[in-house]
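These are my notebook entries on a single structure. I record what I looked up, topic by topic.

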Amino acid sequence: MSLFRLMGQDLAVDLGAAGTRIYSRGRGIVLDEPSIVTCDTRTGKIVSYGADRPAGGDDASGPAGGTRAVRPVGGSDALDREFTQRLLKHFLRKVHAHPYARPRVVMAVPDDSTATDRRDVQDLAFEADARQIYLVRHALAAALGAGLPIGEPAGVMIIDIGHHTTRIAIVAGDRVLTTRSVRSGGAHVNGSIARLVERDHGLIVGDGDAEAAKHGLGTAWKPLDRQVTVRARVPETGHESRVTLTAQDLYEATSQPADVIVRAAISAMDGCPADLAADVATRGAVLVGGGSLVRGLGRRLRARLGVPVRRAERPRESVALGLGHCADDLALAARLHAVRR
Ligand SMILES: Nc1ncnc2c1ncn2[C@@H]1O[C@H](COP(=O)(O)OP(=O)(O)OP(=O)(O)O)[C@@H](O)[C@H]1O
Ligand SMILES: [Mg+2]
């Protein structure tokens, strides 16, 4: 075992509510797994982490063979925090394959984070055996990961559409200026699909099945003339059933969460100084986060904001890649290290 392996690689960790991505210095993304902890329903004990889940449980909201899947990241109670800490520790060990490794870790903190928020992330990393932690503001990591140069002084808007949250920031140089955070993301589209099926067909759709329908035919722009069949359950009997949804149904379900994002982006533009708004009118907005993969969301935003909108090449991974850039260049990580300004 080399000293290098024992001390630990330099890692960048994007610990998201839906998924965790880990980047290892010089190697790229080495882990990409759901941020899921699976517990025994009876004893409450953790039975597995991430992608290592018991068969039959593709639905994070329901029981599967006596187990319950929990997404603890971003949750607010003490158990969520404990599970998040254990999940992070598990992932770091998995990457290292060595129980005593003490890596240096780069992680993201919210753009409008308080000293307490930063302390929380720091504690999480130390509890997971990091020997040093660098905190980088989320929007800067996303911008770097989307291929935007950090030195560029003109303002650009970054829109990260995650699982429960969309984070909007206007970034200029290495400064994060106007920020908005709203409760809208991929999970809201899934919830909206499930509500629509319940309203129109009286059937229950699990989160995994709503997610599959969204991947197949979800759209925030002109719906195609197509249909998708979704697995559902009859509420009274629990019997399995099927329901056919049109692209128009999925468009309807996507509209409300999409408009929450549109309104927040407009508010960010309205809230920033005129010269920055002029920059954004030229440079536009960049979409990152898995939620941005819904078809037509970029077009909808472009039409409503009146600025150019493009999606990053690897939107689910942009934050991890940007943090990874900092792990490759710890001097940059130290320069961007989030402190109160
Ligand atoms: N192909 C796809 N089409 C539509 N939505 C998708 C697709 N792939 C992933 N998503 C959605 O992306 C969301 C997760 O995005 P992402 O992985 O960026 O979130 P996260 O980083 O884990 O969460 P957060 O940033 O909110 O903490 C999920 O809600 C999922 O439904
Ligand atoms: Mg994220």
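**Ligand shell**

I began with the residues around ligand 1 and sorted them by class: the shell has five nonpolar, ten polar and four charged residues. I note at the outset that the model is a predicted one.

I then asked which residues come nearest to ligand 1. Of the 19 residues around the ligand, these are A18, H163, E211, K214 and G290.

Next I looked up polar contacts to the oxygen atoms of ligand 1. For H163, I find a polar side-chain atom 2.7 Å from an oxygen atom of the ligand. For R167, a polar side-chain atom lies 3.2 Å from an oxygen atom of ligand 1. The contact of G290 involves the backbone: one of its polar backbone atoms is 2.8 Å from a ligand oxygen atom. I also recorded the area: ligand 1 taken alone exposes 660 Å², of which the protein buries 88%.

I turned to the elements that supply the shell. At least two shell residues come from each of β2 (19–24), α5 (186–201) and α6 (207–217). The most come from α6, which gives three residues.

**Strand β2 and its partner**

I followed β2 to its pairing with strand β3 (residues 28–34): the two run antiparallel and are joined by six bridges. Within this pair I located R21, whose bridge partner in β3 is D32. The hairpin of β2 and β3 has three residues between the strands, and G26 takes a positive phi near 75° there.

**Strand β4 and its two partners**

I next examined strand β4 (residues 37–40). With strand β5 (residues 46–49), β4 runs antiparallel, joined by three bridges. I find V37 opposite Y49 of β5. The hairpin formed by β4 and β5 has five residues between the strands, and G44 in its turn has a positive phi of about 80°.

β4 also pairs with strand β7 (residues 67–70), in the antiparallel sense and over four bridges. Here I noted D40, whose bridge partner in β7 is T67.

**Backbone at D129**

I checked the loop between α3 (115–127) and β9 (132–137), where D129 is placed. D129 has a positive phi of about 80°, although it is not a glycine. I set this against the general rule that most residues other than glycine have a negative phi.

**R314 and helix α10**

Is R314 buried, exposed or partly exposed? Its relative accessibility is 43%, and R314 therefore counts as partly exposed. I find R314 in the loop between β16 (309–311) and α10. I also looked up its separation from G26: the two residues are 288 apart along the chain, and their C-alpha atoms are separated by 18 Å.

Lastly I inspected helix α10 (residues 318–328), which is mostly covered, with nine of its eleven residues buried. I list the buried residues as S318, V319, A320, L321, G322, L323, G324, C326 and A327.

Note on methods
Residues numbered from 1 in each chain as written. Chains lettered and ligands numbered in written order. Predicted model: local features only at pLDDT ≥ 70, side-chain atom pairs only at ≥ 80, totals over all residues. Heavy atoms only, no water. Pairing = 2+ DSSP bridges. Buried < 20%, exposed > 50% of the residue type's maximum accessible area, 1.4 Å probe, protein only. Near = heavy atom within 4 Å. Polar contact = N/O pair within 3.5 Å; in protein donor to acceptor, adjacent residues only side chain to side chain. Areas by Shrake-Rupley, 256 points an atom, 1.4 Å probe, with all protein chains shown as cover. Nonpolar A, V, L, I, M, F, W, Y, C, P; charged D, E, K, R; others polar.
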